[in-house]
Amino acid sequence: MDTIMDNRISPYAATNILLALITRLIAPASTILLLAYIAYYGFLSPLSGIPGPFIARFTRLWLAYHGWKGDFHIVLTEVHEKYGTTVRVGPDEVLTLSPDAIKKIYGAGSLFNKSDFYAPLKGTRTWDLFAEGDSIVHRNNRRSVNHVYATSSLIDLEPYVDSAIQHFVSILRTKEGKSFDFDVIGEVTFSQRFGLMETGEESESLKIIKRAARSGSWVGHIPWVYRIHQRLSPLIGNHLALNARSGAIRDFTLQQAQSRIKRGSDHRDMLSKLIELHGQNPAEVDNTVVISMATSNVFAGSDTTAVALRSIFYHLLKNLGCLKKLLNEINDVVGDIDIDKPVTYEQANKMPYLQAVMNEANRIHPVVAQSLPRIVPEGGLQVEGHSLPAGTIIGSSPYVLGRSEHIYGQDAKMFRPERWLEGDRSQLLSGFLAFGGTSRMCLGKNLVWIEVSKVVPTILRNFVINFADTDVEWKLQS
Ligand code: HEM
């Protein structure tokens, strides 16, 4: 009996053994691993020769922090000014302003897949044009819906854009005008405005979209947080605003689509065009594709257009010479009769200065300030003397690139639409990522161009515009 008792280990002794094990084995092993990690990412990795913020070499939390803070437009400008045109901003991530590299990464036919940054945006959905990582899958998917977003098809929608513009102008005559961008998307997609111009309120959906975009801009840099959250969400509920992209906003779109189908309409709006595509090719364009694209219109097409409009009016008011030139051009093309009628797309295309103003406002103040990250494919990539192995994340910030002196010269940070009329266009476009690169170019760009090139001259014909308060400067958040 005594012998048996002697062989038992008391709980106290077991704790001591465990602590000894931790001290003798696990703690030194972790220290060795940590030192190996620091040595590799700090000094031995193939990216270690690329300059950048020291802390960012070791952790993606640096990127996530600035995504959360919303100051990429400031911090990435500073990083490029301090460290050069090709910089390292993560253990495996590099940003560049090199036009040669930009062409390879974002140019036509590029096989640089979108990085894991987009995975939380895609969630578990199989069809998502914007967030699809695989270039080949994306190319095939895009081919099946491209037609609906071509100018030749969108031009049918001009009367509905006109109706939204006329309504906006009539509201502006009596009170503050808001939410044109969101209501016009409702009009062209579902033949029905969301009624927000009347209320002057920012809709709940728009608030959700803004919160989702904000959340995506940090979660995307640490997608493991998203994956853990999704696993735990049956227990802890949803705490990521980003999930609205496949939740609340998709439900809102579905509701709008169902109500549009029930109402019926003789308008050939975008929903009816997508449903037509479904009828012609149900295997390729199934219901998921129709709803996914309509959701894209709602999610990607409202706040983005608002930012573009704000940039145009802000820069025109800061540069009154440009405003005067534009007013003269508008007057030359459309005169001063029928000012209630919206400027037609055809007339807007006869206004080269207007087109230059739109390009310049998007160059100097694009919607996206952080990088559009891609993965270096097999074979690697040479950028300004650095060899990036396959798997490295590479990208560029449309905001910093658009203001690059290497591309736009010493006046790069000035709003000067004339550069688009006198310069070498291919040189100007080499730094223009406001609507993404050729291979993943914004599908809604043609629609935005129609809307904006009509609404800007129509407003300028009808109103004298001024800053409400000249002492207050705008605050930017990316
Ligand atoms: C001024 C307004 C807009 C701006 C500045 C803008 C900007 C962009 C940018 C930068 C990208 C590329 C993102 C990347 O490479 O990761 C993109 C893609 C996209 N945008 Fe827009 N966008 C605007 C309006 C719209 C509108 C109105 C729609 C829909 C009606 C739309 C739908 C899309 C879609 C579907 C993609 C993914 C395209 C693809 O990967 O093939 N956007 N947009």
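## Strand pairing and the open sheet

Gly90 has Glu93 of β2 as its bridge partner. Strands β1 and β2 (residues 93-96) are antiparallel and share four bridges; pairing requires at least two DSSP bridges between two strands. Strands are DSSP runs of E with at least two residues, and helices are runs of H or I with at least four, both numbered from the N terminus.

The model is predicted, with pLDDT of at least 70 needed for local features and 80 or more for side-chain atom pairs, while totals for chains, interfaces and linings use all residues. Residue numbers start from 1 along each chain as its sequence is written.

The open sheet contains four strands in the order β1-β2-β6-β3, with mixed pairing. Because β1 (86-90) and β3 (374-375) each have a single partner strand, they form the edges, and one side of each lacks a neighbour in the sheet.

## Domains

The chain divides into domain 1 (1-44) and domain 2 (116-462), with bounds from an automatic or database domain assignment. Their centres, taken over C-alpha atoms, are 55 Å apart.

## Nonpolar core

The largest nonpolar core comprises 112 residues. Such a core joins buried Ala, Val, Leu, Ile, Met, Phe, Trp, Tyr and Cys residues through C-beta atoms within 7 Å; buried denotes 20 or more other C-beta atoms within 10 Å of the residue's own, placed from the backbone. Val161, Val188, Ile312, Leu354 and Val357 have the most contacts inside this core.

Beyond its neighbours within four places in sequence, Ile312 contacts Val357, Met358, Ala361 and Val456, a contact being two backbone-placed C-beta atoms within 7 Å.

Definitions and conventions: A residue is buried if 20 or more other C-beta atoms lie within 10 Å of its own, exposed if 12 or fewer, and partly exposed in between; C-beta atoms are placed from the backbone.
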